[in-house]
Amino acid sequence: MTAATAMRRRIDPVMMIVAVPVLLAVFAVFVLPYLWTVASGLKPQEAIFRDVSPLGLRTFLPFDPTLENVVHLFVERNIGRALLNSAIISVCQVAGTLVLCAPAAYALTRIDLPGRSVLLVLILLTFLVPYEALIVPMYSLVNGIGLSDSLAAVFLPWIASPLGLFLLRPAFEELPRELDEAARLEGAGHMRIFWSIVLPNVRTALLTLSIVTFLFSWNAFLWPLIALQSPDNAVVQIAIAQSVAPGQLPNWGETFAGAAVATLPAIAVFFLLQRHFVRSLAASGMK
Amino acid sequence: MTRKGDIVAGAMFLFPFLAFLLLFQYLPIAMLARDSVHAFTLFNPADKTFVGIDNYVRLFTDPTVRQSFFVTMVFAVALVSLVIPLALALAVFLNSRLPARDVVRTIVLLPTVTSAVVVATMWTFILHPANGLLNAVLGSVGLGPFDFLTSRAEALPSLVLMMLWQQVGFAAVIFLSGLQNIPEDLIDAARVDGANAFERILFVVLPLLGRTTLVVVVIMTVFSLQTFAPAWLMTGGGPLGSTNFLVHHIYVTSFQFQQPGFASAICVGLIAIALAVSGLQMIALRSRWSY
C-alpha cells in the first residue's frame with residue numbers, strides 16, 4: 001500500500017497537468033521582468049521602446065547589445081562611488097552586528113546572570129518597534145553626536161540588533177554545557193571559552209546572521225536617504241532612486257542598467273544563502 | 001571560577017550591546033515621546049515650543065493623516081488577502097514531488113532579495129502607460145491601455161500587485177516549512193479514508209496550518225505598514241493622496257513640511273499599531289489554535 005501510494009505520488013498525472021502551466025506562469029511572471037531589465041540595460045532608449053510592442057524575443061533579449069549605458073553610469077554618474085559606499089556600509093554593518101551580538105548572546109545564554117530574563121525582554125521589546133518609526137528622532141540624534149552626513153551614521157544605529165540576538169540565541173543555547181565545564185576545569189576563562197569553544201560551534205548561525213544583515217543593509221533606502229546628504233556619500237539605492245523619482249525624465253536604458261548593477265551583489269549573496277539554507281535544513285532533519 | 005567573576009565577565013560581554021541599544025533604541029524612543037508634544041523645525045531643533053497633546057489631537061482629526069491611515073490599511077488588507085491563497089498554492093506546489101521545484105523556489109524568492117528601490121524602478125517601467133511591459137502584454141490580448149500609476153482608481157491596486165509579486169515567494173517559503181511539519185501519516189490517513197487531493201488540503205492541511213498562516217499574516221501586515229519606497233519613487237503618494245502610506249506621510253511631514261513634532265506623534269501611532277499587531281499574534285499563538 002505504502003509503495004503504491006509513493007508510486008502514485010511520484011507520477012500523479014493530474015499533478016503533471018497542473019505542473020506545466022504553473023512552471024510557465026512562474027517563468028513569465030518572475031523571470032521575464034528580470035530578463036527585460038537586463039536586456040533593456042544593454043539597449044539604447046529607442047530600442048527599448050521599439051522592442052516592447054509587439055512582444056517577442058527582441059523584448060527580452062538584447063540582439064545588438066551595447067555597454068553604452070553601463071559605461072555612462074560609471075564614467076558620468078559615478079555609480080562606482082555609490083557601489084563602494086554601499087559596500088563599506090554593508091561590510092561595517094555586518095562586522096559591527098557580529099561584534100556586538102555574539103558576546104551578548106554568549107552572556108545571555110552561557111552565564112547565569114541575575115536579571116537575565118528581564119534584560120532579554122527589554123532587548124526583544126525593541127524588536128517590535130519598526131525602525132521606520134524612529135527615523136525622526138534618529139536624524140536629530142546622529143546630528144547631535146556629530147555623525148551628520150557620514151557613512152557611519154548609516155550603519156552604527158542598527159548594529160545592536162535585536163534580530164541578531166534573536167537569530168543567534170537558539171544556536172548558543174543548544175551547545176552542550178559540558179563543553180564549557182570541561183574547559184573551565186582546565187582553567188579557561190570566559191574569554192577563552194567564548195572564542196575557542198563556543199564561536200567555532202555556532203558558525204552556521206553567525207553566517208546566517210551575516211547574510212541577513214548584508215541583504216538588509218545593502219537594500220536599505222529610507223534611512224540612508226535621511227542620513228546622507230552630499231552626493232559623494234550616496235549609496236547605490238539612492239543613486240538608482242533619484243533617476244526615477246516623480247518629476248524626473250529617466251533615461252530608461254541607464255536606469256535599467258543601474259537597477260541590474262545594484263541588484264547583482266544581493267543576488268550573488270542570496271545564492272550563497274540558499275546553499276547554506278539547504279544545509280541547515282538537512283542538519284535539522286537529522287536530529 | 002567564582003560567581004562574582006561570572007557577573008563581571010557577563011557585564012563585560014553585554015556592555016557594548018546594551019550601550020548601543022540604550023543609545024540607538026531607547027534614547028530615540030524617549031526623544032520621540034518628547035518631540036511628539038513639541039512644535040519645532042529641523043532647521044532649528046533647539047527652539048521647541050511645548051504644545052501638550054495638540055499633535056495627538058491633530059493625529060485623530062487631520063484628514064490627510066486619516067486618509068494615509070486608511071490607504072495603509074486597505075493596502076495591508078488587500079495584500080494579505082491576495083498573498084495567502086497564492087502563497088499557499090505555491091507552497092503546495094513546491095511541496096509536491098515534481099521536477100524543477102528547487103528552481104521554482106529560487107525564482108520566486110528573487111524579488112524578495114531584490115531591494116524595494118529596484119523593484120519600484122522595474123515596476124515604474126513595467127507599469128508605464130505608453131512604453132511599459134504590462135500594457136504591451138495586455139494590449140496583445142486586446143485590453144487597455146491602462147494609466148496604472150497616474151489614475152486615482154488604479155494606483156493603489158497597481159502597488160498591491162507589485163507588492164504581491166515581491167512578497168508571494170517569501171510567504172510561500174514560510175508556508176512550505178509549515179507544510180513540511182505536518183505529520184505524513186495524518187495525510188495518509190485521510191487518503192485511506194477516500195479524501196481526494198483537494199479535500200485533503202481543505203480539511204486536513206489547512207486547519208493544521210493555522211499558526212503558520214498567522215505568522216504570514218503578521219509579517220505581511222508589518223511589511224505593508226513599513227512601505228515607503230513605492231510611494232516615494234513611483235507616485236509621490238498620489239494621485240490625490242491615494243498611495244500616501246503612513247511612513248511616506250511621516251517622511252514628508254518631518255523632512256519636507258518641517259513639522260517633526262507632528263511627525264513624531266504619527267510615529268507613536270505607527271508604533272502603537274505595530275505593537276497591537278504583534279500583541280494579537282502572541283495572544284492567538286497561545287490559544288487553542290495550536291495543535
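Some questions and answers on this predicted model follow.

Visitor: Which helices each supply at least two residues of the lining of the second largest pocket?
Guide: This pocket has a volume of about 460 Å³. Its lining holds 25 residues, and the closest to the centre are Leu228(A), Gln229(A), Ser230(A), Ile238(A) and Gln242(A). The helices that each supply at least two lining residues are H6 (79-110), H14 (222-227) and H15 (236-244) of chain A, together with H12 (246-256) of chain B.

Visitor: How many residues of the lining of the second largest pocket are charged?
Guide: The lining residues divide into three classes. Of these, 14 are nonpolar and eight are polar. The charged residues number three.

Visitor: How are H6(A) and H15(A) oriented to each other?
Guide: Their axes come within 7 Å and cross at roughly 135°. The contact joins Ile79(A), Ala82(A), Leu83(A) and Ser86(A) of H6(A) with Val236(A), Ala239(A) and Ile240(A) of H15(A). Six of the contact residues are nonpolar, one is polar and none is charged. An angle over 145 degrees would count as roughly antiparallel and 65 to 115 as roughly perpendicular, so H6(A) and H15(A) are oblique.

Visitor: Is Asn55(B) buried or exposed?
Guide: Asn55(B) lies in helix H2 (residues 54-61) of chain B. Leaving out residues up to four places away in sequence, Asn55(B) touches Asp35(B), Ser36(B), Val37(B), His38(B), Gly261(B), Phe262(B) and Ala265(B). Its relative accessibility is 8%. The cut-off is under 20%, so Asn55(B) counts as buried.

How values were computed: Residues are numbered from 1 along each chain as its sequence is written. Chains are lettered from A and ligands numbered from 1 in the order in which they are written. This is a predicted model: local features need pLDDT of at least 70, side-chain atom pairs count only at pLDDT 80 or more; totals for chains, interfaces and linings use all residues. Side-chain values use heavy atoms; hydrogens and water are left out. On a 1 Å grid over the protein atoms alone, a cavity is a set of points where a 1.4 Å probe fits but cannot get out, and a pocket is an open set with protein on both sides within 12 Å along at least five of seven lines; lining residues have an atom within 4 Å of a point. Grid points are joined across faces, edges and corners, and a volume is the space filled by probe spheres set on the points. Helices (H or I, at least four residues) and strands (E, at least two) are DSSP runs, numbered from the N terminus. Ala, Val, Leu, Ile, Met, Phe, Trp, Tyr, Cys and Pro count as nonpolar, Asp, Glu, Lys and Arg as charged, and the others, Gly among them, as polar. Axes are lines fitted to C-alpha atoms, for helices over the stretch in contact, and angles run from 0 to 180 degrees between N-to-C directions. Angles under 35 degrees count as roughly parallel, over 145 as roughly antiparallel, 65 to 115 as roughly perpendicular and the rest as oblique. Contact means heavy atoms within 4.5 Å. Buried means under 20% relative accessible area, exposed over 50%, partly exposed in between (1.4 Å probe, protein chains only).
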